[in-house]
Amino acid sequence: MGEFKVHRVRFFDYMPSAIQAMAFNRRSDRLAVVRADGALEIFNFADNYFQEKLIPGQDGRAVEAVCWVGQRLFSAGLNGEITEYDLENLRPKYTMEAYGGPIWTISSNSQGTLLAVGCEDGTVKMFEILEDRIQFQRNLDRQKGRIISLSWHPSGTMIAAGMIDMIRIFDADTGHATHRLLVERGVGASKSREVVVWSVAFLSDHTVVSGDSAGKVQMWDGLTGTLVRTHLVTKWDVLALAVSQDESSLIAGTSEGTVIQFQFISSTVGQQDKEWVRTRTFKNHSHDVRALAHTETAVVSGGMDTQLVVRPLLDKVEKNTQESALRKIAFPHRSLVCCAKKAGLLLFQFPDHLELWRLGESDGHGKPGDILPVKRKPEKLIQLKRKGEDHICCSALSPCGGWLAYATVSSVRLYRLQFNNNNISITKVSKLPKILHSAHQLCFSSDSSKLFASSSHSSVIVVALSQSECKYLHTLKPKTGSRQPVHLLLCSEDGKWLATANTGCEIHVYNLHKLKLHCTVPVYNSCPTAIAIHPTTSNLVTAHADQQIFEFSLVQKEYTEWSRKLQKQGLHPLWVERDTPVTHITFNPKNSSHIILHDMFMFCILDQSLPLPEAKTLFYNQMTLKSLPESERIKHNHAFKMCKNFQHLMCVSLLEDHSLVVVERPLLEVMSQLPAAVRQKKFAT
């Protein structure tokens, strides 16, 4: 495997934002997740739960609810605006003021023709969904309290609205309220205590299900307006509800971090009459569960503890398979760390600022496992606050450490860094080419002479950098006419090749000497999660969301012999079953057959000179292999050298002096910064 001096970095204080709302699109198998800072994430459940798109937040955009209409996505929030998103250019398409004060909820009818929002002023406002925008249609009867939750009847003729102390049912055609359902405070509650109906669900048999702040899940008859059944599930709040497509299962999320499942079944054997019966309780969160989605096979939940949890329902999936495994998505599926390997600098990206750090130095050498004494401590050189309201979507640091760039959805900013002894100066480049107004990804060439910025329709803008000016050179465009955004951008060490990957699973490679498209890699049906170009062989190595690895020769324009052999034999089951994607690939200059890659829980040196592991081979990590006798170790020797000494990896990179930089963000440190959870009675306390 080889020995490396490792810089173990734990000073990247990245803090994920709480999950505020989510919506699942059953047609496309996409989950939209909205965070407390206004950021929107799209997960592809058909592609191993990969986070394929991210639209950064904005100051003041407090999103409370999100809703799919076909392939279009809408959100609404406490700023009183409805936003439609441009999922190709990763930005808000437009915002519309609803003129009803803060908006608490948004919902569309099953026909996809009308959008309803619940407002602070007591109105339910209806908007007609047109081809390229929405248009106000009417207000339903105004109520005295705020509208907190909404749910359409599947027929589109009625709509239920959760309020304080009551639920209203409206006729969607006339706009008049037809029923008022009074929600009781609960036994022993004071008369002054209000009951907030946080969530409602309107089923096709006209049952209205509500979840409220008194800890109750209630079933109502929507035709007569009478209470059918009450389930007291918690002392705290029931914050979210979600129903399966066939309406046979219902889930409720609480402030205690539990998700409770109800099923529409016969309560006794042989009985014909069905009713809603509480069946399962899942405890996968430490804090409030604010958002839920019910897919065909799983319960998806998220909340204050920032983690997205996918809990498969074991009666819907085959047991002891990859599909039956619990998934917890804690960190982004992309890199927030940039390493200047020639200068020994690290750039950390936060939504509202960037941090530039100089790595520490150590004296002497030691044997594997030793902790070396630090001669010079790591030092924060710069904290750069972003300008404007839009959050940072991407950033880059040149390999020499002399240039720094970041982009938001509305601007790109470039800075020149200069080091004099222990002093550092930063100068903003004031005149950028007008074409460089936004970027999805940024990347510098290895000699720091060019800046590449991915733009709309998978195009890449090439800008030449010099001490005196910043000059536009060319725009590289793929021939496929793809409209999907580029999420991976990489320049080769020799400065000849530029590779891009977009969320349409396309990988394009450009020749930078000729400034034109060199080739398009055959499209594989899983999204690329990391790409790299070998410095000596010019082979492109790609890792995908389904954990497959490919090697493509840019000279021959075909898959290499090693790649064909790997696909023919297949990857080891334990490699394929990993639940976090590879987010970075690099190469070992000392050994051209070594590929270094990492995901959240391990980094691996893939040795192309060794045989591939058979499916029945024990897939040992390096620490386990060390404990084996020499004869056993040779027998188990194979290409995949795994190291799990470091956890929750944000970045693994190789510096010019052949030392490794490992950036960790332990999940326990994230959890320790969360606000206190609700107090729960524990046994024997």
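**Close-up views of a predicted model**

**View 1. Ser-448 in the loop between strands S40 and S41.** Ser-448 sits in the loop that runs from strand S40 (441-444) to strand S41 (450-454). The model shown here and in the other views is predicted. The relative accessible area of Ser-448 is 7%, so this residue counts as buried, the limit being under 20%. With its neighbours within four places in sequence left aside, Ser-448 is in contact with Ser-398, Pro-399, Cys-400, Trp-403 and Leu-465.

**View 2. Arginine residues over tryptophan rings.** Arg-416 lies over the face of Trp-403, and the distance to the ring centre is 4.7 Å. A second case involves Arg-578, which is placed over the face of Trp-575 at 4.0 Å from the ring centre.

**View 3. The hairpin of strands S38 and S39.** Strand S38 (residues 412-420) pairs with strand S39 (residues 423-428) in the antiparallel sense, over 6 bridges. Leu-417 has Ile-426 in S39 as its bridge partner. The hairpin has 2 residues between the strands, and Asn-421 takes a positive phi near 55° there.

**View 4. The loop around Glu-323.** Glu-323 belongs to the loop between strand S28 (308-312) and strand S29 (327-329). A relative accessible area of 57% makes Glu-323 an exposed residue. Glu-323 and Leu-313 are 10 residues apart along the chain, with a separation of 9.8 Å between their C-alpha atoms.

**View 5. Helix H1 and its covered side.** Helix H1 spans residues 561-569, and its buried residues are Trp-562, Ser-563 and Leu-566. These residues lie on the same side of H1, because the arc they cover around the axis is only 100°. Glu-561 and Lys-568 are exposed on the other side of H1. The cover over the buried residues of H1 includes strand S50 (549-553), strand S51 (558-559) and strand S54 (603-607). Just after H1, Gly-570 takes a positive phi of about 90°.

**View 6. Lys-557 in the loop between S50 and S51.** The loop between S50 and S51 holds Lys-557. Both of these strands are among those that cover the buried residues of H1. Lys-557 is not a glycine, yet its phi is positive, at about 60°. Most residues other than glycine have a negative phi. With a relative accessible area of 45%, Lys-557 is partly exposed.

**View 7. Glu-247 in the loop between S22 and S23.** Glu-247 is another non-glycine residue with a positive phi, here of about 60°. This residue is found in the loop that joins strand S22 (238-243) to strand S23 (249-254). Glu-247 has a relative accessible area of 18% and therefore counts as buried, for which the value must be under 20%.

**View 8. Lys-380 in strand S35.** Lys-380 is part of strand S35 (residues 379-385). Its relative accessible area of 36% places Lys-380 among partly exposed residues. The side chain of Lys-380 makes a polar contact, at 2.9 Å, with the side chain of Gln-383. Leaving aside neighbours within four places in sequence, the residues in contact with Lys-380 are Glu-355, Leu-356 and Trp-357. Val-670 is 290 residues from Lys-380 along the chain, and the C-alpha atoms of the two are separated by 21 Å.

**View 9. Aromatic pairs.** The whole structure contains 16 aromatic pairs. In the pair of Phe-45 and Tyr-49, the ring centres are 4.7 Å apart and the planes are at 75°, so the arrangement is edge-to-face. Phe-45 and Tyr-49 are both buried. For Phe-550 and Tyr-559, the ring centres are 5.5 Å apart and the planes are at 40°, so this pair is tilted. Phe-550 is buried, with a relative accessible area of 8%. Ring pairs also join Phe-11, Phe-12, Tyr-14, Phe-331, Phe-348, Phe-350 and Trp-357 into a cluster. Trp-357 in this cluster is also one of the residues in contact with Lys-380.

Key. Residues are numbered from 1 along each chain as its sequence is written. This is a predicted model: local features need pLDDT of at least 70, side-chain atom pairs count only at pLDDT 80 or more; totals for chains, interfaces and linings use all residues. Side-chain values use heavy atoms; hydrogens and water are left out. Helices (H or I, at least four residues) and strands (E, at least two) are DSSP runs, numbered from the N terminus. Buried means under 20% relative accessible area, exposed over 50%, partly exposed in between (1.4 Å probe, protein chains only). Contact means heavy atoms within 4.5 Å. The arc is that of the directions from the helix axis to the C-beta atoms. A polar contact is a pair of N or O atoms within 3.5 Å; within protein, one must be able to donate a hydrogen and the other to accept it, and residues adjacent in sequence count only if both atoms are side-chain atoms. Rings of Phe, Tyr and Trp (its six-membered ring) pair if their centres lie within 6.5 Å; planes under 30 degrees apart count as stacked, over 60 as edge-to-face and the rest as tilted. A charge sits over a ring if NZ of Lys or CZ of Arg is within 6 Å of the ring centre and within 35 degrees of the ring normal. Two strands pair if DSSP finds at least two bridges between them.
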